[in-house]
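We will go from stop to stop together.

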Amino acid sequence: MKKTVKIAGIVLFSLIGLLVILFLLARFAFREKAVDYLTGLQKQQRTELLRKAGPYAAEPDADYRFTYIQDTVRAREIRDYFRLDTLVDPAATTWDNTLALATFVAENIPHANQEIYPEVCNATRLWEYTRTVEPAFNCRLHSILLHELLLASGITNRFVTCLPADSLDSDCHVVNIAWLPERQKWAMIDSDMQSYVTSPEGEVLSLEEMRQRTIDEKPMVVHRLLGTRNAENYLSYWAKNLYWFVCWEETGYDKEVEYEGRAIKLLPAGFDGFKSADAVRTSDAARFWAAPDTDTTL
């Protein structure tokens with residue numbers, strides 16, 4: 001009798017345990033479905049906002065010109081400091097070397113909203129900051145560091161601030177775009193969120209292409225530099241921050257140390273933007289994303 005009761009108790013206990021597990025699994029599955037649904041709904045709303053944005057228009061007389069400055073002394077200093085010869089292969093494609101440098105940054109510096117802003121924002125001082133002050137920092141500092149590593153490796157690039165339509169939304173995202181001469185195009189690289197985006201056919205995409213494919217609801221594939229994360233969340237986040245863009249007119253080292261030069265805003269027609277009030281405004285997307293045509297060596 002006691003044995004029967006004991007067996008019955010074990011069975012009951014096992015059944016309760018199974019029901020608890022099933023409940024937790026069902027709850028988890030429901031939560032995942034709910035998150036996926038809300039993410040999809042949010043992306044649709046953000047896409048519709050992009051779709052309703054004013055059209056871009058040519059502005060041939062606009063007073064700005066993107067230039068790309070190279071300082072050979074600074075380039076050598078950065079190459080030596082980071083031992084870039086161990087990361088960059090002269091025989092590799094520009095994109096492969098871009099990926100190598102972005103992966104190096106992603107592996108060594110995670111994302112965080114740092115509590116103490118660095119006193120000097122250039123490649124070497126940002127690296128030292130992560131070794132002596134805080135081990136991680138935000139997307140803007142990621143992009144400044146990667147900008148100078150790419151530049152020191154001979155890769156023309158810009159770091160671009162990508163912003164939403166809502167002036168009350170304080171969140172934006174900053175990434176790099178690297179010029180790929182072999183493909184004659186810009187490519188977006190995101191060391192902070194450890195990602196890049198391609199078409200289903202594997203063609204790496206620029207910010208301009210990501211924006212248009214979002215509007216057209218064309219598929220995109222998210223590739224991770226490290227590990228895996230939710231690709232749908234990443235693309236939904238981008239749908240918010242592809243509304244307008246800001247970058248420096250002149251690239252080079254120490255851009256956010258001395259803050260010399262002008263910022264250029266690419267805005268949908270009829271949209272005034274916010275932040276960087278003294279920047280040059282334009283709705284000429286073709287000119288804003290044009291191939292680099294000036295390289296000045298100091």
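This is a predicted model: local features need pLDDT of at least 70, side-chain atom pairs count only at pLDDT 80 or more; totals for chains, interfaces and linings use all residues.

**Stop 1: the cores**

Start by selecting Leu207, Met210, Trp238, Phe245 and Trp289. In the largest nonpolar core, which has 43 residues, these five touch the most other members. Now colour the elements that each give this core at least two residues: the strands β2 (157–163), β3 (173–180), β4 (185–189), β7 (244–248) and β9 (263–266), together with the helices α6 (207–216), α7 (231–240) and α9 (285–288).

Zoom in on Trp238. Setting aside neighbours within four places in sequence, Trp238 is in contact with Cys162, His173, Val175, Met188, Leu207 and Met210. Then select Leu141, Leu150, Val204 and Leu225, which are among the 40 residues of a second, separate core.

**Stop 2: the cavity**

How many cavities of 30 Å³ or more does a search of the whole structure find? There is one, and the space in this largest cavity is about 30 Å³. To see its lining, select His147, Arg158, Phe159, Trp248, Glu250, Thr251 and Lys255. Two of the lining residues are nonpolar, two are polar and three are charged. Strands β2 and β8 (250–251) each contribute at least two residues to this lining.

**Stop 3: Glu249**

Next, click on Glu249, in the loop between β7 and β8. Is Glu249 buried or exposed? Its relative accessible area is 13%, so Glu249 counts as buried. Show its contacts beyond four places in sequence: Tyr64, Arg65, Phe66, Thr67, Arg262 and Ile264.

**Stop 4: salt bridges**

Side chains of opposite charge can pair when their charged atoms come close. Across the whole structure, a search finds 13 salt bridges.

Select Arg140 and Glu256, whose closest N and O atoms are 2.7 Å apart in a salt bridge. This pair links distant parts of the chain, with Arg140 in helix α5 (residues 139–152) and Glu256 in helix α8 (residues 255–258), 116 residues apart. Arg140 is partly exposed at 24% relative accessible area, whereas Glu256 is buried at 6%.

Move on to Glu203 and Lys185, which meet in a salt bridge at 3.4 Å, N to O. Glu203 sits in the loop between β5 (195–198) and α6, and Lys185 in strand β4. Here Glu203 is partly exposed, with a relative accessible area of 33%, and Lys185 is buried, with 10%.

Then try Arg281 and Asp272, a salt bridge with its closest N and O atoms 3.5 Å apart. Asp272 is exposed, at 56% relative accessible area, while Arg281 is partly exposed, at 44%.

Conventions. Residues are numbered from 1 along each chain as its sequence is written. Side-chain values use heavy atoms; hydrogens and water are left out. A nonpolar core is a set of buried Ala, Val, Leu, Ile, Met, Phe, Trp, Tyr and Cys residues joined through side-chain atoms within 4.5 Å. Buried means under 20% relative accessible area, exposed over 50%, partly exposed in between (1.4 Å probe, protein chains only). Helices (H or I, at least four residues) and strands (E, at least two) are DSSP runs, numbered from the N terminus. Contact means heavy atoms within 4.5 Å. On a 1 Å grid over the protein atoms alone, a cavity is a set of points where a 1.4 Å probe fits but cannot get out, and a pocket is an open set with protein on both sides within 12 Å along at least five of seven lines; lining residues have an atom within 4 Å of a point. Grid points are joined across faces, edges and corners, and a volume is the space filled by probe spheres set on the points. Ala, Val, Leu, Ile, Met, Phe, Trp, Tyr, Cys and Pro count as nonpolar, Asp, Glu, Lys and Arg as charged, and the others, Gly among them, as polar. A salt bridge is a side-chain nitrogen of Lys or Arg within 4 Å of a carboxyl oxygen of Asp or Glu.
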